[in-house]
Amino acid sequence: MTPLQHLQLQQDARGVATLQIANGTALNILDTPTILEFTQALRSLARDPGVRALVLRGSGDKAFVGGANIHELVKLDPDSAVAFITRLHDLCEAVRDFPVPTVARMAGWCMGGGMELAAACDIRIGSSASHFSMPEVRIGIPSVIHANLLARLIGEGHTRWLLLTGASIDSEKAERWGYLNERVAPEALDEAIDATLREILANGPASVRAQKALLRAWEAPHLERGLKESIAVFGQSYA
């Protein structure tokens with residue numbers, strides 16, 4: 001793998017890889033250079049047979065991902081908007097297609113594209129200090145691409161509330177709705193993640209990979225159609 005400029009990668013002796021956003025932004029904002037490097041790193045790790053689990057995280061505890069770079073979004077036109085959202089789509093798909101279990105470490109705020117990135121993961125573990133929102137409608141654009149996954153996690157009604165209000169929810173509600181698999185005190189977050197990893201690593205590597213492939217195959221066909229159609233709608237919103 002080529003040297004990383006916007007991420008940090010660690011891989012321990014157990015086969016647990018950790019990809020951490022390290023692009024110098026306080027809220028781990030997703031801009032184009034970070035998105036492209038993130039996608040390439042995931043695709044490279046996916047080819048490593050020694051990887052048995054993957055943890056995605058931000059730097060610090062202010063945020064997992066604070067969303068896409070608003071300064072980049074305001075400069076888009078219909079064509080460049082389609083190109084940008086396609087890049088973000090490809091990143092989330094690289095997570096969704098990853099051949100071993102993926103765990104999102106969700107400290108602090110998680111907004112917009114961050115919620116979509118985590119929705120593409122298999123497991124989401126957050127802290128009691130976490131907050132979540134899909135604020136796109138508040139800046140004049142719709143939530144698209146992997147917002148399409150939210151209904152299967154939190155239900156149609158909760159998804160409509162999040163996407164139509166743009167309002168935030170706290171970690172207690174995120175866990176109760178089904179977005180978070182587990183919610184713990186901030187100081188217990190890393191141990192909670194490690195406990196889940198230990199459960200995964202106790203299983204046969206080949207059987208876990210086979211199970212992950214089956215889980216992906218069992219997903220409803222309409223998800224793929226919705227992902228593709230939403231890219232065009234995002235571009236149209238810039239007209």
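In which loop is the place of N28? N28 sits in the loop between β2 (16-21) and α1 (32-46), where helices (H or I, at least four residues) and strands (E, at least two) are DSSP runs numbered from the N terminus. This is a predicted model, in which local features need pLDDT of at least 70, side-chain atom pairs count only at pLDDT 80 or more, and totals for chains, interfaces and linings use all residues. Residues are numbered from 1 along each chain as its sequence is written, and side-chain values use heavy atoms, with hydrogens and water left out.

**Positive phi in loops**
- Most residues other than glycine have a negative phi.
- N28, which is not a glycine, has a positive phi near 55°.
- N28 counts as buried at 0% relative accessibility; buried means under 20% relative accessible area, exposed over 50%, and partly exposed in between (1.4 Å probe, protein chains only).
- I145, also not a glycine, has a positive phi of about 30°.
- The loop between β8 (131-133) and α5 (150-154) holds I145, which counts as buried at 1% relative accessibility.

- Strand β1 (residues 7-11) pairs with β2 in the antiparallel sense over five bridges; two strands pair if DSSP finds at least two bridges between them.
- L9 has L19 in β2 as its bridge partner.
- Four residues lie between the strands of this hairpin, in which G15 takes a positive phi near 95°.

**Helix α6**
- The buried residues in α6 include T159, L162 and L163.
- Seen down the axis of α6, the buried residues fall within an arc of 85°, so they line one face of the helix; the arc is that of the directions from the helix axis to the C-beta atoms.
- T159, in helix α6 (residues 156-165), counts as buried at 7% relative accessibility.
- Not counting residues up to four places away in sequence, T159 touches L150, A151 and I154; contact means heavy atoms within 4.5 Å.
- The cover over the buried residues of α6 includes α4 (113-119), α5, β9 (168-170) and α7 (171-177).
- Exposed residues G157 and L164 are on the face of α6 turned away from its buried side.
- G166 follows α6 and has a positive phi near 70°.

**An exposed loop residue**
- V74 is found in the loop between α2 (70-73) and α3 (78-96).
- V74 is exposed, with a relative accessible area of 59%.
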